[in-house]
There are 2 protein chains.
Amino acid sequence: MELDKKKIAYISLAVILVIIFIFVISDGCAPDRPEMVQVIEIPDDAYGPEEWAKVYPLEYESWKKTKEPRPAGKSFYKKGWDTDRVIYDKLSEYPFMALLFNGWGFGIEYNEPRGHWYMRIDQDEIDPSRVGAGGVCLNCKTPYMDDLAEKHGKEFLHMEWEKAIAKIPEEHRDLGSTCYDCHSNEDMSLRTNRKVFTEGLECIGRKEFTRQEMRMLVCAQCHVTYNIQKDANMKSVGIEHPWVGSSWGDISIENIIAYIKDKKNIKEWTQNVTGFKLAYIRHPELEFFTRQSEHFNAGVACADCHMPYKVVGGSKISDHNLMSPLKDDLHACSKCHPQSKDRLREQVKAIQDRTVSLLLRAGYQTAVTAKIFEQVHKNETQGVKISSSLYNRAKDFYQEAFYRVVFIGAENSIGFHNPTEAGRILGDAVNFAARAEALLRQGLAVKNINVPENQPLDLSKYLNNRGVRGLDFKPEQEFEDPFGLQNIFVPRFKMGL
Amino acid sequence: MELDKKKIAYISLAVILVIIFIFVISDGCAPDRPEMVQVIEIPDDAYGPEEWAKVYPLEYESWKKTKEPRPAGKSFYKKGWDTDRVIYDKLSEYPFMALLFNGWGFGIEYNEPRGHWYMRIDQDEIDPSRVGAGGVCLNCKTPYMDDLAEKHGKEFLHMEWEKAIAKIPEEHRDLGSTCYDCHSNEDMSLRTNRKVFTEGLECIGRKEFTRQEMRMLVCAQCHVTYNIQKDANMKSVGIEHPWVGSSWGDISIENIIAYIKDKKNIKEWTQNVTGFKLAYIRHPELEFFTRQSEHFNAGVACADCHMPYKVVGGSKISDHNLMSPLKDDLHACSKCHPQSKDRLREQVKAIQDRTVSLLLRAGYQTAVTAKIFEQVHKNETQGVKISSSLYNRAKDFYQEAFYRVVFIGAENSIGFHNPTEAGRILGDAVNFAARAEALLRQGLAVKNINVPENQPLDLSKYLNNRGVRGLDFKPEQEFEDPFGLQNIFVPRFKMGL
């Protein structure tokens, strides 16, 4: 019995050792398992990424990659910041924009942007006219914005650019949006950091949001349109989103235009060719995407496609190296769409080709009408005035067209975020602009003033020698109509290129 | 031992009986297993379904169901042949069509069709103007067509309608397309039965097809556009598809229009309002769907959505009860799209709403331009002629617009078969039509002829008291612009409804 007990003890020990050995071996071969992140407290005022990076080094590393250019040739129509190192000039891509935006910064220099890393830096390098509005231009560019506006009051909004920039702590002066803008430092949950945006959402009746909605809103605090409020001296005194009358899932172009067309204190600039004081529409990604697009209705958020989950080492992270899925080899798409990537890419191209074709149609039609307005106004100075009924209706139609063209031109997906809505908006733009042309032609003809059958556009006048650096048209960057029809509407030789 | 042997024999017998019993029982409870169909020879000349029905009773039963109306209210914009028993009148749904098609049958009676069962019968019940072209109207309506055309020569094509009908064997006179049109009687493989269609495919360079392509082509032998060739006396002498210059996957609206605009012998009618001799475009489902639509590029064929596989008894059959998937509760869609049917239905509606809005825009813009042409021509008879340069360009643009409107209006999916292509085509239609208006307004104004700011359309003139039965406008059937903008372009009080 004594011996048996000993035997059992030895065998037990051996078995235990073998089990431990197997456990150790097997664990050594297994991939790194996800680990709980170490909890270090992030202070409330950590505007820069430094403190956050200590706790979330992988997300930080991926965010830093927005500094690097993307492989060239992957996106068909958004070629900004690729390894070809070419700065793509939207005014050369779409020459009608040079005519339509002539009168302020957007008509001088309007580039396809670089990565998120450069969002603030780009402001220093672009033509100074683009930051002429003053401190208000920092709204989407620095996590300090709301604090600065609170500290310095309305004064800050129209503060001269250099002075406004100097108010940002020096070490963070070049910093674009950071961890602080989208995350709570306490529990890493999503939050937004723009008072104006919160007010905008309240205006459409929303205060509480699901996590999936927040995965849109953190992006949308910048990727929305906004208007700058001006005082009588054209000083910037506020910002607002033109969402009156809209609701979540239905912020319509119709409502936006109705609002900005009416409201006087948001007419930020004067269009040279027509002399009209106008408002403007900026990158309306949220508005466009959430208006009954397939992907929105399927419950997809911005982050699903632009920040897909990736495995880094043993950790699964949300990729903070934001970009178009096209440039990321459709990594995000393939999570839901098992089709071949070539086919998906072709499908994106089919959608974007159709959108570009219609954008050219609507853009040039609006430009033609603008040039006829120029003629109407010139004649007016010489005492020949056309019927005010025709004129007023044409002016109204012209604005309806103009804002639609700006909307789709500024939206960053070339129609992809909501393909059929893009077609609808541009089709209406064409109708408004062409009807305006019809009324003006009639009005001038009645006064014996002949508008040539093909109205010349004098585009080189608007495209060359722009701004302090004398920027010129880059013909190799121009997008041609993928369907080859544009020339019928505006013959090449009348474009003045 | 003697006893043991007996025992074993009894036990063996009992076991065998039990096994047989279990086998019988279990088989009795199992579902019917698919069985090889019994091979009965189907004769080569089995034009009617009778012989085929003996071998394929389930397919035949499902085909016969096209006789029954569908539950009402399931389709948003294609409400034909529902249990509400209302005959939906396309000219009331889209009043601009009554103006544009005035001058021949389509402007008199143009109904949303009933099921396939009625394809031939409907011809007897509609206004006789719709079969004025003669025997040629049977091309898609009877499996005897090619035989009749061969037997009676070109004569058959312009044979008076009643005489042509009488050439079909009496027992099959009411029969639409049948088994014979799509299947080989030898091995049930897919085939087509229209010489004109085969020639059309050869014209785009295709002779051999995969089975999946055949699952489109059997439908497409009718669901395509075609033109009727006329001799100098406007007698029908042939049929053709306007596909010159196109290729498989790229039969474009641009190529179709270039062809039919030029070719003289396919101008089938004269548009009353403008006096123009015009061609026409019919239900271009194949052309529209195969031009880089999402579903086409995904490898989907017509039969996948309109003839989904269903289990009947123990057999899996391709459902021959053809209909819109909307009316079939999205049965076919759910095989690839696991989303909730409510969401899918909403997505279809979003696409169709946008298409209808643009179709109204393009249709009314074309109608406005047509009415201004009427004025131009009226003035011409009074000796006032506008600039021929303006006139010719406007006429060309007008036709480009008109054919695009007809194309999308005749295509049976309200944009769904290729959503972004629908937007592109309609956007171009708007541009062509509105530019034509601009040139005409100018031309008339130069001659001191005033076109009212809102051109009246006199629609009730075209909509009421149509044809032998004096059909009237049915206001309750009119589709309103889902986005509420149409009234801005053509104010209601100027429509003359």
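**Exercise 1. Find out how many salt bridges the structure holds, and look at one of them.**

Over all chains, the structure holds 82 salt bridges, each one a side-chain nitrogen of Lys or Arg within 4 Å of a carboxyl oxygen of Asp or Glu. Keep in mind that this is a predicted model, where local features need pLDDT of at least 70, side-chain atom pairs count only at pLDDT 80 or more, and totals for chains, interfaces and linings use all residues. Residues are numbered from 1 along each chain as its sequence is written, chains are lettered from A and ligands numbered from 1 in the order in which they are written, and side-chain values use heavy atoms, with hydrogens and water left out.

Step 1: pick out A:Arg469 and A:Glu109, whose side chains form a salt bridge at 3.0 Å, N to O.
Step 2: A:Arg469 sits in the loop between α20 (459-463) and α21 of chain A, and A:Glu109 in the loop between α5 (95-100) and α6 (121-125) of chain A, so the pair ties together parts 360 residues apart in sequence. Helices here are DSSP runs (H or I, at least four residues), numbered from the N terminus.

**Exercise 2. Describe how chain A and chain B meet.**

Step 1: count residues. Chain A gives 49 residues to the contact and chain B gives 49 residues, where contact means heavy atoms within 4.5 Å.
Step 2: get the area. About 4700 Å² is buried between the two chains, 52% of it on carbon and sulfur atoms; buried area is the accessible area (1.4 Å probe) that two parts lose on being put together, summed over both.
Step 3: look for charged pairs. Between chain A and chain B there are 8 salt bridges. A:Arg393 and B:Glu453 form a salt bridge, with their closest N and O atoms 3.7 Å apart.
Step 4: name the elements. On the side of chain A that touches chain B, those giving two or more residues are α15 (294-297), α17 (341-381), α18 (388-410), α19 (419-446) and α21 (486-489) of chain A. The largest share, 19 residues, comes from α19(A).

**Exercise 3. Work out how the two copies are related.**

Step 1: superpose them. A rotation of 180 degrees with 0.2 Å of shift along its axis puts chain A on chain B, with an RMSD of 0.6 Å.
Step 2: draw the conclusion. The copies are thus related as by a two-fold rotation axis.
Step 3: find the axis. In chain A, the C-alpha nearest to it belongs to A:Ala438, 1.8 Å away.
Step 4: check the surface. The same surface serves both copies, as 100% of the contact residues of chain A recur in chain B.

Key
Least-squares fit on C-alpha atoms with pLDDT ≥ 70 in both.
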